[in-house]
Amino acid sequence: MKRGAAVAGGRAGQRQKLVYPAVGTIVDALWKADVMGLEREYYRGRITKIHPAKSATRHPMFDIHYDDGEDEARVRWENMRVVSGPTKTAPRPPLIVRLP
């Protein structure tokens, strides 16, 4: 385990299950960390989708909507820091359609 992820209780000698953040969780994430090779700067955003791990030894990946309006797909778990738990988004106002 590379980072201090939340770990569900377990006994010594048993494999422990990591608990990953949910959709709506506010995170700081590295923007295009593996591609751009820029300074390692974190940006605030919210998890919008979780892509399940492809095997038991891998971590899931996350889609992030950043506060500046940008979106990034499949951010690796190692490139994120959890800021706060899931929050409810503000309800959208009802759509009003006026017919002629």
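## The second largest pocket

In this predicted model, the second largest pocket holds about 180 Å³ of space. Its lining is made up of His-51, Pro-52, Ala-53, Lys-54, Arg-58, His-59, Pro-60, Met-61, Arg-74, Arg-76, Trp-77 and Glu-78. By class, the lining residues of this pocket divide into five nonpolar, two polar and five charged.

Several of these names return in the strands. Met-61, one of the lining residues, has Arg-76 in E6 as its bridge partner, and Arg-76 is also in the lining. Arg-74, another lining residue, has its place in strand E6. Arg-74 shows a positive phi of about 55 degrees although it is not a glycine.

## Chain and confidence

The chain contains one helix and seven strands, and along the sequence these follow the pattern β-β-β-α-β-β-β-β. Of its 100 residues, 23% count as buried. Among contacts in the chain with a separation of 6 or more, 45% come from residues 24 or more positions apart.

The average pLDDT of the chain is 75, and 61% of the residues score at least 70. Confidence is lowest in strand E1 (residues 6-7), where the mean is 50. It is highest in strand E5 (residues 61-66), where the mean is 93.

## Strand pairing

Which strands pair with E5? E5 is joined to E4 and to E6, and E4 also pairs with E3. The table sets out these pairings.

| Strands | Sense | Bridges |
|---|---|---|
| E3 and E4 | antiparallel | five bridges |
| E4 and E5 | antiparallel | six bridges |
| E5 and E6 | antiparallel | four bridges |

Asp-28 has Arg-44 in E4 as its bridge partner. Lys-49 stands opposite Asp-63 in E5. E5 and E6 (residues 71-76) form a hairpin with four residues between the strands, and in this hairpin Gly-69 takes a positive phi near 100 degrees.

## Thr-48 and Val-23

Thr-48 lies in strand E4 (residues 42-51). Leaving aside residues up to four places away in sequence, Thr-48 touches Val-23, Asp-63, Ile-64 and His-65. Asp-63 is 15 residues from Thr-48 in sequence, and their C-alpha atoms are 5.5 Å apart in space. Thr-48 has a relative accessible area of 43% and is therefore partly exposed.

Where is Val-23 found? Val-23, one of the residues touched by Thr-48, is in the loop between strand E2 (18-19) and strand E3 (25-30). Val-23 and Ile-47 are 24 residues apart in sequence, with a C-alpha to C-alpha distance of 5.0 Å. The relative accessible area of Val-23 is 46%, so this loop residue is also partly exposed.

Conventions. Residues numbered from 1 in each chain as written. Predicted model: local features only at pLDDT ≥ 70, side-chain atom pairs only at ≥ 80, totals over all residues. Heavy atoms only, no water. pLDDT = per-residue confidence, 0-100. Helix = DSSP H or I, 4+ residues; strand = E, 2+ residues; numbered from the N terminus. Pairing = 2+ DSSP bridges. 1 Å grid on protein atoms, 1.4 Å probe; cavity = no way out; pocket = protein on both sides within 12 Å on 5 of 7 lines; lining within 4 Å. Points joined across faces, edges and corners; volume = space filled by probe spheres on them. Nonpolar A, V, L, I, M, F, W, Y, C, P; charged D, E, K, R; others polar. Buried < 20%, exposed > 50% of the residue type's maximum accessible area, 1.4 Å probe, protein only. Contact = heavy atoms within 4.5 Å.
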